Amino acid sequence: MERNSYSEDFKRQMVRYILEQNKSMPQIAEEVGISAGVLHSWKAQYRDEIQLESLVTPERLRQLEQQLREKERENQEKERQNQDLQEELAILKKALHIFSKERN
């Protein structure tokens, strides 16, 4: 019996397919002509990698970018408020210095 050699990319695509299906492994094995044992070993090898890839979807990336922009805006606003408070403090210190001179 001839032993087939499959590329890493093919194996990953196969695992994606397996994870997307609502079929049993024997059904998928029969469908694609690869033994269920081989498919199980590929799934064990690549499942975590494929599932991690699926977590980083374009929609999730857009959500994270939006959250980052919102946080940047919040930080800019807080920085402006901080600068305003520092200016007010400097003015109050000068005023205190001026008024304390007048009393002496």
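Contact here means heavy atoms within 4.5 Å. The model is predicted: local features need pLDDT of at least 70, side-chain atom pairs count only at pLDDT 80 or more, and totals for chains, interfaces and linings use all residues. Residues are numbered from 1 along each chain as its sequence is written, and side-chain values use heavy atoms, with hydrogens and water left out.

View 1. K11 lies in helix α1; helices (H or I, at least four residues) and strands (E, at least two) are DSSP runs, numbered from the N terminus. Residues are classed as buried under 20% relative accessible area, exposed over 50% and partly exposed in between (1.4 Å probe, protein chains only). K11 counts as buried because its relative accessible area is 16%. Leaving out residues up to four places away in sequence, K11 touches Y6, W42 and Y46.

**View 2. The largest nonpolar core.** A nonpolar core is a set of buried Ala, Val, Leu, Ile, Met, Phe, Trp, Tyr and Cys residues joined through side-chain atoms within 4.5 Å. The largest such core has 11 residues: M14, V15, I18, M25, I28, A29, I34, L39, W42, Y46 and I50. At least two core residues come from each of α1 (8-20), α2 (25-32) and α3 (36-55). Helix α3 gives the most, with four residues.

**View 3. Contacts of L39.** When neighbours within four places in sequence are set aside, L39 is in contact with M14, I18, M25, I28, A29, V32 and I34.

**View 4. A44 on helix α3.** A44 is part of helix α3. A44 counts as exposed because its relative accessibility is 52%. A44 and V15 are 29 residues apart along the chain, and their C-alpha atoms are separated by 9.0 Å.

**View 5. The whole chain, for orientation.** The chain contains four helices and zero strands, in the sequence pattern α-α-α-α. Its C-alpha atoms fill a box of roughly 105 × 20 × 15 Å along the principal axes. The radius of gyration, taken over C-alpha atoms, is 32 Å, whereas a compact globule of 104 residues would have a value near 13 Å; the globule rule is 2.2 Å times the number of residues to the power 0.38. Of the 104 residues, 12% count as buried. Among contacts in the chain with a separation of 6 or more, 54% are between residues 24 or more positions apart.
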